[in-house]
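Dear colleague,

Please find the structure below, followed by a short account of what was found in it.

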Amino acid sequence: MNKSPRSIDKELAEKLTAALTAEAEPLFQIVLDTDLKVPLAALRNPAITEKHLLALLKRQDLTEEIPERIFNRHKKYLSRPLLLSLVKNPATSDVIFRTLVSHLYLFELVDFCYLPRISSDRKMAAERCILQQLPTTPLDNKITLARRAP
């Protein structure tokens with residue numbers, strides 16, 4: 001089934017229009033679209049909520065542009081779940097990652113270090129933050145931290 005370029009452009013235009021004008025419920029399907037132009041357009045939709053952004057950030061095939069736009073739009077009031085999703089997403093740029101990793105709590109950093117498929121640079125940055133937090137960490141947290149060691 002060979003489609004002409006004009007019909008493909010028309011389909012994409014319809015998807016982009018739907019991404020910009022959809023209500024909250026259809027946005028969940030839109031952020032999961034395989035063409036990354038569609039979720040990128042959905043970020044401009046006024047009906048997009050944190051739940052949509054979390055569903056989008058769970059994807060592993062994102063480009064660096066999507067986490068960057070989410071960060072720039074929400075950096076003043078970044079919630080914990082959104083902050084964690086941005087840090088855990090491999091498409092997040094290193095600049096944004098280094099900005100956000102310092103805001104994680106001790107055990108969130110430990111959990112991050114145990115994630116598979118994280119780069120060694122990111123793991124070292126998280127470990128550096130753990131070491132910076134240790135002097136001010138209460139003893140009971142240090143004991144719990146020691147029990148978690150592999």
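The largest nonpolar core has 42 residues, of which L43, I66 and I70 touch the most other members. Such a core is a set of buried Ala, Val, Leu, Ile, Met, Phe, Trp, Tyr and Cys residues joined through side-chain atoms within 4.5 Å; buried means under 20% relative accessible area, exposed over 50%, and partly exposed in between (1.4 Å probe, protein chains only). This is a predicted model, in which local features need pLDDT of at least 70 and side-chain atom pairs count only at pLDDT 80 or more, while totals for chains, interfaces and linings use all residues. Residues are numbered from 1 along each chain as its sequence is written, and side-chain values use heavy atoms, without hydrogens and water.

Beyond its neighbours within four places in sequence, I70 is in contact (heavy atoms within 4.5 Å) with L43, L53, L56, L57, L82 and L86.

Helices α4 (residues 50-57) and α6 (residues 80-88) pack at about 20°, their axes 10 Å apart. The two are therefore roughly parallel, a term for angles under 35 degrees. Helices here are DSSP runs (H or I, at least four residues), numbered from the N terminus; axes are lines fitted to C-alpha atoms over the stretch in contact, with angles from 0 to 180 degrees between N-to-C directions. From α4, E50, L53, L54 and L57 meet P81, L82, S85 and L86 of α6.

Finally, R117 lies in the loop between α8 (106-113) and α9 (120-133). Although R117 is not a glycine, its phi is positive, at about 65°. R117 counts as exposed because its relative accessibility is 73%.

With kind regards

Definitions and conventions. Parallel < 35°, antiparallel > 145°, perpendicular 65-115°, else oblique.
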